[in-house]
Each structure stands twice: as structure tokens, then as C-alpha cells.
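Let us walk through this structure together, one stop at a time. Please keep the sequence and the 3D view side by side as you read.

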Amino acid sequence: MVMLGPRERIAIDRQLASWDVSSARGPWTRWFLESVRDRPGVRAAELAAQLDRPVSRLKSQAWSLAELDLLVRSGQAYWLSERGAAYLAGRDK
């Protein structure tokens with residue numbers, strides 16, 4: 001299992017907070033990560049429908065999370081990466 005150090009966790013927190021604050025529709029990062037954790041292999045269209053957002057916007061957000069190695073994409077479906085699972089596990093404590 002991947003272990004996140006304090007500095008790495010703080011860096012992730014800061015980046016996600018920045019995206020949440022700059023979003024016109026409000027915070028989305030934690031919801032996105034938890035949705036993928038709770039429904040591994042969920043498709044982009046399903047998540048977009050839940051949020052009432054365009055699929056293209058959701059894919060852009062997923063790409064951002066994947067750049068932080070928190071999310072893995074295969075086709076149109078998403079899974080948490082090991083790093084993403086470790087990040088959420090540390091947040092839930």
C-alpha cells in the first residue's frame with residue numbers, strides 16, 4: 001500500500017483546495033474521489049449526470065486528478081489509484 005508523507009499530503013490538500021475554490025459550482029474534488037472510491041469503474045457520463053454537468057467538464061476534472069496520480073482512467077471509466085486510496089484513507093481518520 002502507498003503511504004503518503006505529511007508534505008505530500010499537504011501538497012495534495014493545497015492543490016485540491018485551489019481547484020475547489022476556483023470552481024464556479026463549488027467544491028468538487030472530494031466528492032469526485034469518494035464517488036470513484038465507492039463505485040470503482042464508474043463511467044464519466046454517470047458522474048456527469050449526477051452533478052448535472054457536461055461530460056467534457058467532468059473529463060477535464062478527472063484529467064486534473066489523474067495528473068496528481070489520484071485517479072486512473074481506462075476508456076470512459078475511472079478508478080482510484082493507490083495514491084488516491086491512501087489519500088482518502090488518511091482524510092477519513
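R30 is partly exposed, because its relative accessible area is 26%; the term covers values between the two limits, with buried meaning under 20% relative accessible area and exposed over 50% (1.4 Å probe, protein chains only). R30 forms a salt bridge with E34, and the closest N and O atoms of the pair are 2.8 Å apart. A salt bridge here is a side-chain nitrogen of Lys or Arg within 4 Å of a carboxyl oxygen of Asp or Glu. Both R30 and E34 lie in helix α2 (residues 29-38), 4 residues apart, about one turn of the helix. E34 has 22% relative accessibility, so E34 counts as partly exposed too. Helices (H or I, at least four residues) and strands (E, at least two) are DSSP runs, numbered from the N terminus.

A word on what you are looking at: this is a predicted model, in which local features need pLDDT of at least 70 and side-chain atom pairs count only at pLDDT 80 or more, while totals for chains, interfaces and linings use all residues. Residues are numbered from 1 along each chain as its sequence is written, and side-chain values use heavy atoms, with hydrogens and water left out.

How many salt bridges does the structure hold? There are 4. One of them brings together the side chains of R83 and E8, at 2.8 Å from N to O. This pair links distant parts of the chain, as R83 sits in helix α5 (residues 82-91) and E8 in helix α1 (residues 6-22), 75 residues apart. Is R83 buried or exposed? R83 counts as buried, because its relative accessibility is 16%. E8, at 30% relative accessibility, counts as partly exposed.

Another salt bridge joins the side chains of R39 and E46, with 2.6 Å from N to O. R39 has a relative accessible area of 31%, so R39 is partly exposed. E46 counts as partly exposed as well, at 36% relative accessibility.

Now step back to see the whole chain. The protein chain has 5 helices and 3 strands, and reading along the sequence gives the pattern α-α-β-α-α-β-β-α. Its radius of gyration is 13 Å, close to the 12 Å that the globule rule gives for 93 residues, so the chain is as compact as a globular protein of that length. For this comparison, the radius of gyration is taken over C-alpha atoms, and the globule rule is 2.2 Å times the number of residues to the power 0.38. Taken along the principal axes, the C-alpha atoms of the protein chain fill a box of roughly 35 × 25 × 20 Å.

What share of the 93 residues counts as buried? The figure is 38%. Among contacts with a separation of 6 or more, 57% come from residues 24 or more positions apart, where contact means heavy atoms within 4.5 Å. The protein chain exposes about 5600 Å², of which carbon and sulfur atoms supply 53%; such accessible areas come from the Shrake-Rupley method with a 1.4 Å probe, and for residues only the protein chains shown count as cover.

Leaving aside its neighbours within four places in sequence, Q61 is in contact with W28, F32 and R53. The C-alpha atoms of S60 and V42 are separated by 16 Å, and the two residues are 18 apart along the chain.

The phi of D69 is near 60°, a positive value in a residue other than glycine. Most residues other than glycine have a negative phi. D69 counts as partly exposed, because its relative accessibility is 40%.

Finally, turn to M3, in the segment before α1. M3 has a relative accessible area of 69%, so M3 is exposed. From C-alpha to C-alpha, M3 and A85 are 9.9 Å apart in space, and they are 82 residues apart in sequence.
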